[in-house]
Amino acid sequence: MSETGLELVGIVADLLALAGALFFLISAIGLLRLPDFFCRIHAPTKAATLGVMLLGLSALVRSLAQGELVWLEDLVILLFLFLTVPVSSQVLAQAARRRGIRQVSQTTEGESRQPPC
Amino acid sequence: MSGILITSLLLIVFALLLNGIRLVRGPSDFDRLLAAETVALGLVGLLMLRAGEVDDRFYVDAALGLALFSFVGTVVFAKYLELRGDDE
């Protein structure tokens, strides 16, 4: 690949990494500040998954530019995370619901008028 | 390493510190498990970032193994927390 092409790939990969880190930071803030467990599980399930996917995409772009078959392993990690993180979060939420852990008052079942999160 | 890459690395480390606060403080064990899973996710992200930077394939292998163990561990531990008796 030409010199300017490699430079462009580096810039794109850097920006993807920055976006992924920002999303991961947002998910960490959500995990810290939301009121109860069923609100808190939103943050890592969605925002942190997107953040890690963007970080992996940055690594994938870099290894695609090398022109060998090493990008397949990055793709495997991306697909694996994409399939498993929602599944494990769902299992966790189901377990917490069956155990009936403490909720803030607005998230009681049935008559929720204003969602707290 | 470029400046953007160092910035994103510091952002992830700061996010991991925030997750660590939740891991220590979390009122229930489910909160702690959720925070531990997020920490593992962040470590996978850090390893991917590093793998793209230094062109060393071992980082990618480590990230894949960590993702696998994090998934299996979370599912098994959630089932354990669900099924164990009321001893707390």
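Let's start with where the two chains meet: the contact takes 43 residues from chain A and 41 residues from chain B. Here two residues are in contact if their C-beta atoms, placed from the backbone, lie within 7 Å. What we have on screen is a predicted model, where local features need pLDDT of at least 70 and side-chain atom pairs count only at pLDDT 80 or more, while totals for chains, interfaces and linings use all residues. Residues are numbered from 1 along each chain as its sequence is written, and chains are lettered from A and ligands numbered from 1 in the order in which they are written.

Now look at the side of chain B that touches chain A. At least two residues come from each of α1 (3-25), α2 and α3 (57-83) of chain B. Helices, by the way, are DSSP runs of H or I with at least four residues, strands are runs of E with at least two, and both are numbered from the N terminus. Which helix gives the most to this side of chain B? That is α2(B), with 15 residues. By class, this side of chain B has 25 nonpolar, 10 polar and 6 charged residues. For those classes, Ala, Val, Leu, Ile, Met, Phe, Trp, Tyr, Cys and Pro count as nonpolar, Asp, Glu, Lys and Arg as charged, and the others, Gly among them, as polar.

Let's stay with α2(B) and see what it packs against. Two packed helices are described by the angle between their axes and the distance between the axes. The axes are lines fitted to C-alpha atoms, for helices over the stretch in contact, and the angles run from 0 to 180 degrees between N-to-C directions. Across the two chains, helix α4 of chain A (residues 71-99) packs with helix α2 of chain B (residues 29-54) at about 170°, their axes 11 Å apart. That angle makes α4(A) roughly antiparallel to α2(B); the cut-offs are under 35 degrees for roughly parallel, over 145 for roughly antiparallel, 65 to 115 for roughly perpendicular, and oblique for the rest. On the α4(A) side you can pick out A:Val85, A:Ser88, A:Leu92 and A:Ala96, and facing them from α2(B) are B:Phe30, B:Leu33, B:Leu34, B:Glu37 and B:Leu41. Those contact residues divide into 7 nonpolar, 1 polar and 1 charged.

Within chain B, α2(B) also has a partner. The axes of α2(B) and α3(B) come within 9 Å and cross at roughly 170°, so these two helices are roughly antiparallel to each other. Among the residues that meet there are B:Phe30, B:Leu33, B:Glu37 and B:Leu41 in α2(B), and B:Tyr59, B:Leu66 and B:Phe77 in α3(B). The contact of α2(B) with α3(B) counts 18 nonpolar, 2 polar and 3 charged residues.

Over to chain A. Chain A has 4 helices and 0 strands. Helix α1 (residues 3-33) and helix α3 (residues 42-66) of chain A pack at about 165°, with axes 8 Å apart, which makes α1(A) roughly antiparallel to α3(A). The contact of α1(A) with α3(A) involves 23 nonpolar, 6 polar and 1 charged residues.

How much of chain A is buried? Buried residues make up 38% of its 117 residues. Buried means that 20 or more other C-beta atoms lie within 10 Å of a residue's own, exposed means 12 or fewer, and partly exposed is in between, with C-beta atoms placed from the backbone.

A:Ala21, in helix α1 of chain A, is buried, with 29 other C-beta atoms within 10 Å. Leaving aside its neighbours within four places in sequence, A:Ala21 is in contact with A:Gly51, B:Ser8, B:Leu11 and B:Ile12. A:Arg99, in helix α4 of chain A, is partly exposed, with 15 other C-beta atoms within 10 Å. And B:Pro27, in the loop between α1 and α2 of chain B, counts as exposed, with 12 C-beta neighbours inside 10 Å.

Last, confidence. pLDDT is the predictor's confidence in each residue, from 0 to 100. Chain A averages 84, and 88% of the residues score at least 70. Among the helices of chain A, α4(A) has the highest confidence, at 90, and α2 (residues 37-40) the lowest, at a mean of 87.
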